[in-house]
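This report describes selected side chains and their pairings in one protein chain. Please look over the sequence and the structure before reading on.

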Amino acid sequence: MKTVEIAPSILSADFARLGEEVAAAERGGATLLHCDVMDGHFVPNLTIGLPVIKSLRRATRLPLDAHLMISEPGLYADKFVEAGAAMVSVHVEADPHLHRTLACIKGAGAAAGVAINPATPLGALEEALAYADYILIMSVNPGFGGQKFIKTSLDKVRRLRRMIDERGLQTRIEIDGGIGAENIAEVVAAGAEIVVAGTAVFGAGDPANAVRELRDAAAQWV
Ligand code: DX5
Ligand code: ZN
């Protein structure tokens with residue numbers, strides 16, 4: 001049976017109690033921690049940066065998955081690895097030099113991902129697919145937690161799965177936005193292996209239990 005990783009997004013956590021929130025998600029069976037970095041330029045919101053990644057690195061054993069929603073990500077990507085991220089993704093829409101940026105992330109010792117917005121066609125990944133360790137399919141427009149899942153993302157995941165399998169690649173598929181216990185089985189059935197969940201984990205009061213519910217629901221994918 002395929003393993004599904006649940007990556008809680010700290011965007012919806014209580015930042016004043018971040019350590020406790022993350023520990024609760026870890027107790028519930030989270031295997032990654034998704035950290036949303038926004039610059040107020042590529043997306044219309046501001047969140048966290050390198051100092052928070054550094055502090056989290058000391059606060060949890062979970063691998064940190066940095067999702068860079070920033071312009072010119074090539075200028076910063078390796079700094080996130082140095083700060084402690086085990087995975088770093090940059091947006092295909094934000095970087096005309098993806099080959100270089102992905103090589104730089106890998107060279108610094110992390111897994112390199114390419115994130116893609118809902119309205120960007122998969123064709124934009126045609127070449128980059130072979131250089132990426134994972135693709136992050138956005139199932140909402142990046143910038144905010146708590147948005148509604150965009151249904152056409154399911155077919156996009158299926159088509160990406162086919163592209164990867166046809167080429168015999170090992171590229172993993174991560175999906176991010178609007179996912180909860182009610183639709184996680186569908187996204188897993190479509191071919192996603194890493195599922196990000198913010199509101200569904202930290203919006204309900206008991207992150208440990210919320211992660212357990214997501215894992216149980218994901219297991220119903222067949
Ligand atoms: C949105 C972020 C997401 C967000 C997901 O731009 O990339 O990671 O935190 O939040 P939910 O699960 O609430 O849609
Ligand atoms: Zn994200």
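The sections below cover a histidine, the salt bridges and a residue in a loop of this predicted model.

## His67 in strand β3

His67 lies in strand β3, which spans residues 64-69. With a relative accessible area of 0%, His67 is buried. Its side chain makes a polar contact of 3.1 Å with the side chain of Asp36.

Beyond its neighbours within four places in sequence, His67 touches a set of residues that includes His34, Cys35, Asp36, Ser89, His91 and Asp176.

## Salt bridges

The count of salt bridges comes to 10. One of them joins Glu5 to Arg172, with the closest N and O atoms 2.9 Å apart. This pair links distant parts of the chain, since Glu5 is in strand β1 and Arg172 in strand β7, 167 residues apart. Glu5 is buried at 17% relative accessible area, while Arg172 is partly exposed at 27%.

Arg161 and Glu193 also form a salt bridge, at 3.4 Å from N to O. Arg161 belongs to helix α5 and Glu193 to the loop between α6 and β8, 32 residues apart. Both residues are buried.

## Pairing within a helix, and a network

Arg159 pairs with Asp155 in a salt bridge of 3.0 Å between the closest N and O atoms. Both lie in helix α5, four residues apart, or about one turn of the helix. Arg159 is partly exposed at 34%, as is Asp155 at 36%.

A network of salt bridges links Asp14, Arg17, Glu20 and Glu21.

## Glu72

Glu72 sits in the loop between β3 and α3. Its phi is positive, about 50°, although Glu72 is not a glycine. Its relative accessibility is 53%, so Glu72 counts as exposed.

Technical notes. Residues numbered from 1 in each chain as written. Chains lettered and ligands numbered in written order. Predicted model: local features only at pLDDT ≥ 70, side-chain atom pairs only at ≥ 80, totals over all residues. Heavy atoms only, no water. Helix = DSSP H or I, 4+ residues; strand = E, 2+ residues; numbered from the N terminus. Buried < 20%, exposed > 50% of the residue type's maximum accessible area, 1.4 Å probe, protein only. Polar contact = N/O pair within 3.5 Å; in protein donor to acceptor, adjacent residues only side chain to side chain. Contact = heavy atoms within 4.5 Å. Salt bridge = Lys/Arg side-chain N within 4 Å of Asp/Glu carboxyl O.
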